[in-house]
Amino acid sequence: MRYFSRDARSPAGATLSGVTDAWLSDTRSSYDTDASGYAEKVRGLLGESPYLRASLALFAELVQGAGGGQVADIGCGPGYVTGHLHDAGVDVFGIDLSAEMIAIARRDYPGLRFEVGTMTDLDLADDSLAGIIAFWSVIHVPDHVVPRVFEQFRRVLRRQGLLLVGFHVGDETRHTSEGYTGQPIHVDTHHRRPSKVADWLRDAGFTIDAELVMRPDEDVPGAIIFARTDA
Ligand SMILES: C[S@@+](CC[C@H](N)C(=O)[O-])C[C@H]1O[C@@H](n2cnc3c(N)ncnc32)[C@H](O)[C@@H]1O
């Protein structure tokens, strides 16, 4: 599983500190450009990934066990994880930076809700969600912004809210300059150690319940962290 992507056209400049961030614009424009290529690349991915399916099934069970409620799939891309969770009985909607991704998600899952937005500035009320899933989307957020993103996640989750974060494991940042459809893109992907992500989550007020590392002997392993807000 290789995750990245690229293109431009969505909500005008989600900003931090009132200044448009180049990394955010580049990520948005890259995924707008490569949305169809990415959607094609990940088609059927869950069918080939028992550990992803098991993680999603466990997440759905935990959300329902905690009384249910709304879940946001943040950085939902073409929406197949959102659709999978919906089929598992979760009240879920998707948010993505890329308007082209959201257009594909709405086309492929017309009964579900998808909105353009950014995890750096969530347009959601405090304590409004039972769960958040962020699968391979925080990978595009630079280190200095990750604490703010996790604070946003904490703010919108209710007590005992559940968070599932998936990411590439490693220490490097890779730049991608060509999308799956061969068009030029400009997006950075940050690979991280689970301990580093877990420490950021603890600093934002989360408790870590579990960490799963997949394909640890490969060039780019994947990791999923299960976390929750306080009781
Ligand atoms: C590698 S794809 C993952 C998509 C999907 N979650 C999956 O597992 O296939 C990364 C997605 O995160 C989105 N994304 C990147 N930065 C974002 C941000 N700041 N806010 C919301 N979505 C973002 C991208 O537009 C893209 O659709």
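**Figure 1. Residue classes in the lining of the second largest cavity.** In this predicted model, the lining of the second largest cavity divides into 8 nonpolar residues, 1 polar residue and 1 charged residue. The residues concerned are Val138, Ile139, Val146, Phe150, Val165, Phe167, His190, Arg192, Val197 and Trp200. The volume of the second largest cavity is about 50 Å³.

**Figure 2. Secondary-structure elements at the second largest cavity.** Helix α5 (146-156), strand β8 (157-168) and helix α6 (194-203) each contribute at least two residues to the lining of the second largest cavity. Val146 and Phe150 are among the lining residues, as are Val165, Phe167, Val197 and Trp200.

**Figure 3. The largest cavity and its lining.** The structure contains 2 cavities of 30 Å³ or more. The largest cavity has a volume of about 380 Å³ and is lined by 28 residues. Of these lining residues, Gly75, Cys76, Asp96, Trp136 and Ser137 lie nearest the centre of the cavity. Two or more residues of the lining come from each of α1, β4 (70-74), α3 (80-87) and β5 (91-96). Helix α1 gives the largest share, with 5 residues. By class, the lining of the largest cavity comprises 17 nonpolar, 9 polar and 2 charged residues.

**Figure 4. The ligand and the shell of residues around it.** The largest cavity is the space taken by the ligand. Around the ligand stand 21 residues, of which Tyr38, Gly75, Tyr80, Asp96 and Phe135 come nearest. Helix α1 (residues 22-42) supplies 4 residues, the largest share of this shell. The shell has 12 nonpolar, 8 polar and 1 charged residues.

Figure 5. Another is made at Phe135, where the distance between a polar backbone atom and a nitrogen atom of the ligand is 2.8 Å. The protein covers 100% of the 590 Å² of accessible area that the ligand has on its own.

Figure 6. An N or O atom in the side chain of Tyr80 is 2.5 Å from an oxygen atom of the ligand.

How values were computed: Residues are numbered from 1 along each chain as its sequence is written. This is a predicted model: local features need pLDDT of at least 70, side-chain atom pairs count only at pLDDT 80 or more; totals for chains, interfaces and linings use all residues. Side-chain values use heavy atoms; hydrogens and water are left out. A residue is near a molecule or strand if one of its heavy atoms lies within 4 Å of it. A polar contact is a pair of N or O atoms within 3.5 Å; within protein, one must be able to donate a hydrogen and the other to accept it, and residues adjacent in sequence count only if both atoms are side-chain atoms. Accessible areas come from the Shrake-Rupley method with a 1.4 Å probe; for residues, only the protein chains shown count as cover. On a 1 Å grid over the protein atoms alone, a cavity is a set of points where a 1.4 Å probe fits but cannot get out, and a pocket is an open set with protein on both sides within 12 Å along at least five of seven lines; lining residues have an atom within 4 Å of a point. A molecule sits in a cavity or pocket if more than half of its atoms lie within 2 Å of its grid points. Ala, Val, Leu, Ile, Met, Phe, Trp, Tyr, Cys and Pro count as nonpolar, Asp, Glu, Lys and Arg as charged, and the others, Gly among them, as polar. Grid points are joined across faces, edges and corners, and a volume is the space filled by probe spheres set on the points.
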